Amino acid sequence: MKISHTELFRDIEEKDMEALLSCLSAFRKEYKKGEVILQEGEPTEKIGIVLSGMVIISCSDVWGNTTILGNASPGAVFGEAYACVPGEPLLISVVAAEDTTVLFMHIGKALSTCSNACVFHTKLIRNLLRVCAEKSLQLSRRILHTGSKSIRGRLLSYFSECIKRTGSYSFSIPYSRQQLADYLGVDRSALSNELSKMRRDGLIQYEKNSFTVLKPHIV
């Protein structure tokens, strides 16, 4: 994916990208599937932008229970909230869900005007604010999905979001069964059982991570 096509660099001209990335001390790093990119408990001063692959963002409690908070696919940003608070330990972990390439840049240099008075800093800060707002909305959606006391209610809430986002009753999700269970805050076996019941009830059809909602009006 071209860096200039990402949300963070919206409206910044291609000819300015090389100077901007140099100003931000940007660098690329590749990760294998399952490799930890950001470790919970450690601080970070860098923003990560997924160039290829996908990362899973999660948090764990002291008993080892993991909650999936979301994912970042090509073009998405992660770590921005913690990078804006120097020294703040991460409450999340970021792990490569598949082989992934990440572009890192130093947040301090993004938030302050450099000695070169780069004209694109204002655009970058505006874009960063938009990204942070979108992340806040993502967390709000997760809270909405986990509001139901039933697993079926949580699944239908999440599927409703997928339908609205894709504009289709057939869609693919970025999570494995375990990751979907963690995201919705339920037991994996119970989730799988409920999916099977929903298929028997004629509500959905699915094959691995591809789903079709057949009766979206039923809750």
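Author: One definition to begin with: helices are DSSP runs of H or I with at least four residues, numbered from the N terminus. Please also note that this is a predicted model.

Reader: Which residue with a positive phi follows helix 1?
Author: That residue is serine 25, with phi near 50°. Serine 25 sits in the loop between helix 1 and strand 1 (27-31).

Reader: What about aspartate 11, and where does it lie?
Author: Aspartate 11 is in the segment before helix 1. Although not a glycine, aspartate 11 has a positive phi of about 70°. With 48% relative accessibility, aspartate 11 counts as partly exposed.

Reader: Which residues of helix 1 are buried?
Author: In helix 1 (residues 14-23), they are Asp16, Met17, Leu20, Leu21 and Cys23. These residues cover an arc of only 145° around the axis, which puts them on the same side of helix 1.

Reader: And what do they pack against?
Author: The buried residues of helix 1 pack against strand 8 (100-106), helix 3 (107-111) and helix 4 (121-145). On the face turned away from the buried side, helix 1 carries exposed Lys15, Glu18 and Ser22.

Reader: Changing topic: at what angle do the axes of helix 6 and helix 7 cross?
Author: The axes of helix 6 (residues 177-184) and helix 7 (residues 188-200) cross at roughly 100° and come within 9 Å. The two helices are therefore roughly perpendicular to each other.

Note on methods: Residues numbered from 1 in each chain as written. Predicted model: local features only at pLDDT ≥ 70, side-chain atom pairs only at ≥ 80, totals over all residues. Heavy atoms only, no water. Buried < 20%, exposed > 50% of the residue type's maximum accessible area, 1.4 Å probe, protein only. Arc of directions from axis to C-beta. Contact = heavy atoms within 4.5 Å. Axes fitted to C-alpha atoms, helices over the stretch in contact; angles between N-to-C directions. Parallel < 35°, antiparallel > 145°, perpendicular 65-115°, else oblique.
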